[in-house]
Amino acid sequence: MSGHRSTRRRWSQSTAATLAAVLLAVVLAPAPVAAQGSVNGRVAITERPGEATTDFNATVVYLVPVDSAPRPPVAKAKGEKVPSASIAMNGRAFVPHVRVITPGMKVEFPNQDPFSHNIFSTATGAAFDLGLYGAGKSKDATFKRAGAFPIYCNIHPRMTAFVVVAPTSWYAQAGNDGRWTIEGVPAGRYTLHVWHERATEVKQSITVLATGLSDVSSSLDARGFKFSPHKNKFGKEYDKNSAVRY
Ligand SMILES: [Cu+2]
């Protein structure tokens, strides 16, 4: 009899200990974080007959939540350096051609050429003029508003870049194969925006599960794209008699 009781007491003591350990673990565990998954997909671009896509990596994708406010852009604590990205001037071209950031970020424009450039934008909400500066120097511009903004050089009419300011931090740029991945996306409904300078922006509704979402396919149509020269920073045509012809 006494042996039976003692066994039962031992059992209930260990049960209590286990329960206490579980409760402690629950109390000490960090607050539960919403499940975050990886979202990936692939972009296809329809080109005119006989033409192949060579600029998949100029595609930008980003997610805007349907049910909640977009995640605030990169937080900036007092005194903290403004997060920045960079587009270099190299060989009379902007490298890279497309850069994605979030509102409030700045873009550095280092001049890696042995001659001067004059970077400017006349885009509404993102207009700036960095003036003429030479080799080894760098200037920057801050982008406050979401949007896709063309960046030009006042010396070289062929130089074009795009700064795409995504309204959320869930963005990615496609690789050369058109594939893209966005990490850390909480489960929920989103509008996927697919941007490319040669096509009309595509918007798709997607639902991200706790495990993420794979193989989202998007189709852009670039057949209607027509290159058109832009004006210089004074709103005038580039000087066709200038020695600079690229
Ligand atoms: Cu230039």
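Guide: Strand β2 (residues 60-65) pairs with β13 in the antiparallel sense, over three bridges. Strands here are DSSP runs (E, at least two residues), numbered from the N terminus, and two strands pair if DSSP finds at least two bridges between them. This is a predicted model: local features need pLDDT of at least 70, side-chain atom pairs count only at pLDDT 80 or more, and totals for chains, interfaces and linings use all residues. Residues are numbered from 1 along each chain as its sequence is written.

Visitor: Which residue in β13 is the bridge partner of Tyr 62?

Guide: Look along the antiparallel pairing of β2 and β13. The partner that Tyr 62 has in β13 is Tyr 171.

Visitor: Which strands stand at the edges of the open sheet that holds β13?

Guide: Four strands form this sheet, in the order β13-β2-β15-β16, with antiparallel pairing. An edge strand has a single partner strand, so one side of it is left without a neighbour in the sheet; here the edges are β13 (171-173) and β16 (202-208).

Visitor: What is the average twist from one strand to the next there?

Guide: The sheet order is β13-β2-β15-β16. Axes are lines fitted to C-alpha atoms, and angles run from 0 to 180 degrees between N-to-C directions. The twist averages 25°.

Visitor: Where does Asp 129 sit?

Guide: Go to the open sheet of five strands with mixed pairing, ordered β6-β12-β11-β8-β9. There β6 (98-101) and β9 stand at the edges, each with a single partner strand. Strand β8 (residues 117-121) pairs with β9 in the antiparallel sense over four bridges. Asp 129 is in residues 128-133, strand β9.

Visitor: Is Asp 129 buried or partly exposed?

Guide: Count other C-beta atoms, placed from the backbone, within 10 Å: 20 or more is buried, 12 or fewer is exposed, and in between is partly exposed. Asp 129 has 13 such neighbours, so it counts as partly exposed.

Visitor: Which residues is Asp 129 in contact with, leaving aside neighbours within four places in sequence?

Guide: Contact means C-beta atoms, placed from the backbone, within 7 Å. With those sequence neighbours set aside, Asp 129 is in contact with Phe 120 and Lys 233.

Visitor: What separates the C-alpha atoms of Asp 129 and Tyr 152?

Guide: Along the chain, the two residues are 23 residues apart. Their C-alpha separation is 9.7 Å.

Conventions: Two residues are in contact if their C-beta atoms, placed from the backbone, lie within 7 Å.
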